[in-house]
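Here is my note on this model. Please read it with the sequence and the structure open side by side.

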Amino acid sequence: MTIDLLTITAGAVLFVLALLTPLLNPFFRRIRKTQVSASSEQPPVTILLVSNGDHVALDEHLPIFLTQEYGPGYEVVVVTEKADVETENVLKRYSQNERLYHTFVPESSRYMSKSKLAITLGVKAAKNEWIILTDPRCKPEDSHWIEAMSRQMGAHNSLVLGYANYSEEAKPYHRFERLHTALYLLREAQQGRPYRTNSMNVAFRKSEYMEQQGFLEYLKYSIGEYDFLVNKFGRQGTAAIATDSDTLLTENAVSSKTWQNRQVYYHEVGKHLDGGAWLRVLRALDRWSMMLNYLLIIGTGIFAGFTHRWILLGAAVAALILTIVLRSLIGKKALQEFQVNIPAWKVVPLELNMQWHRFLTRMRYEYADKNDFISHKV
């Protein structure tokens, strides 16, 4: 076995890429912890829940929202459809709670997104300036969730983005993909470029929502409430993020079909959002650097085997092991920080699986009926 220039050069390139490319992923880019003054005044808050027939989840999670510990005071506003008898029965059981208020979406509302209309009705009903919008399918993991979110409701902030995990019952890939995507979005917001969110955990100001006429220009779209909210109102002022453990929500697991639909819907919603160019460049850089690293390792290994360059083959194997170890450790640390229970050995397979899922999602969108994305079918 001889060590020639080709072996030295190729081996060095493989090790450099194995060391550098794991750093080009959202798990490595740390989100800064926002320092909040202990003297910061925390405002009274309205929790806005829009129920879309989820009476079982509402019955399970409403008591958690109604028993939060928050000194400045809060209310819970639930918006439902008028004919939803099961949800009305749930609300009747909690009607004696002074914190609870509910209102209805008119049955006559047509040709517009009922979810966006429901949010607008809830905002109008809210008594407080700050509103936290979430969903009955989500629940706080801490009794001080409102307090934790309110720490970012500073005088100069107009929007606060939190995070919501999927529950443990959800598929590992669904939980992994949500955090992987959220880390891009949260960091963009922290850098002053709020684009969208993939979590139903967002706080905003009532006054700005009303002044900017809410979802007026988006009412025909049946999807994207949280995305449009972040994209429109995050740019009117300063967006903050809330990522401490006591700010986390947990969303009930969704079916594979529901999860796939959410991914497909984003391709349509993204066409109507401002900004996002740098985010797309960054994601492409991360994705293609990872794939290039693996392809070079595999290609070099095959070449070394055919040409009997055993030292170079060993270098390719070592570079592959180094890549897998680094990506696994970096990913596991981020997963633990956000309380996502996924073993480290699954990180690399799940990362690679994302590339296939992205291709399938794109194909599903291309062949989807675009009328499915709007409320007024023409």
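1. **Burial terms.** A residue is buried under 20% relative accessible area, exposed over 50%, and partly exposed in between (1.4 Å probe, protein chains only). Arg 151 has 29% relative accessibility, so Arg 151 counts as partly exposed.

2. **Ground rules.** This is a predicted model: local features need pLDDT of at least 70, side-chain atom pairs count only at pLDDT 80 or more, and totals for chains, interfaces and linings use all residues. Residues are numbered from 1 along each chain as its sequence is written, and side-chain values use heavy atoms, with hydrogens and water left out.

3. Helices (H or I, at least four residues) and strands (E, at least two) are DSSP runs, numbered from the N terminus. Two strands pair if DSSP finds at least two bridges between them.

4. Strand 1 (residues 45-50) runs parallel to strand 2 (residues 74-81), with 6 bridges between them. There, Ile 47 has Val 76 of strand 2 as its bridge partner. Strand 4 (residues 130-134) and strand 8 are antiparallel, joined by 4 bridges. Trp 130 is partnered by Arg 205 in strand 8. Strand 6 (residues 157-161) also pairs with strand 8 in the antiparallel sense, over 3 bridges. Leu 159 stands opposite Phe 204 of strand 8.

5. **Strand 8 and its cover.** Which residues of strand 8 are buried on each side? Val 202 and Phe 204 are buried on one side, and Ala 203 and Arg 205 on the other. Both faces of strand 8 (residues 202-205) are covered. Contact here means heavy atoms within 4.5 Å.

6. Strand 7 and strand 10 (residues 249-251) are parallel, with 3 bridges. Asn 165 has Thr 250 in strand 10 as its bridge partner.

7. **Salt bridges across the chain.** A salt bridge is a side-chain nitrogen of Lys or Arg within 4 Å of a carboxyl oxygen of Asp or Glu. By this rule there are 19 salt bridges. One of them joins the side chains of Asp 286 and Arg 29 at 2.7 Å, N to O. Asp 286 is in helix 10 (residues 277-306), while Arg 29 is in the loop between helix 1 (5-20) and strand 1, 257 residues apart. Are these two buried or exposed? Both Asp 286 and Arg 29 are buried.

8. Asp 246 forms a salt bridge with Arg 151, with the closest N and O atoms 3.1 Å apart. Asp 246 lies in the loop between strand 9 and strand 10 and Arg 151 in the loop between helix 5 (145-150) and strand 6, so the pair ties together parts that are 95 residues apart in sequence. Asp 246 counts as buried because its relative accessibility is 15%. Asp 54, Asp 135 and Arg 137 are linked in a network of salt bridges.

9. **Glu 268.** This residue is found in helix 9 (residues 256-269). Why does Glu 268 count as buried? Glu 268 counts as buried because its relative accessibility is 9%. Glu 268 touches Ile 223, Tyr 365, Lys 370 and Phe 373, not counting residues up to four places away in sequence. Its side chain makes a polar contact with the side chain of Tyr 365 at 2.7 Å. A polar contact is a pair of N or O atoms within 3.5 Å; within protein, one must be able to donate a hydrogen and the other to accept it, and residues adjacent in sequence count only if both atoms are side-chain atoms. Glu 268 also forms a salt bridge with Lys 271, the closest N and O atoms being 3.8 Å apart. Lys 271 counts as exposed because its relative accessibility is 56%.
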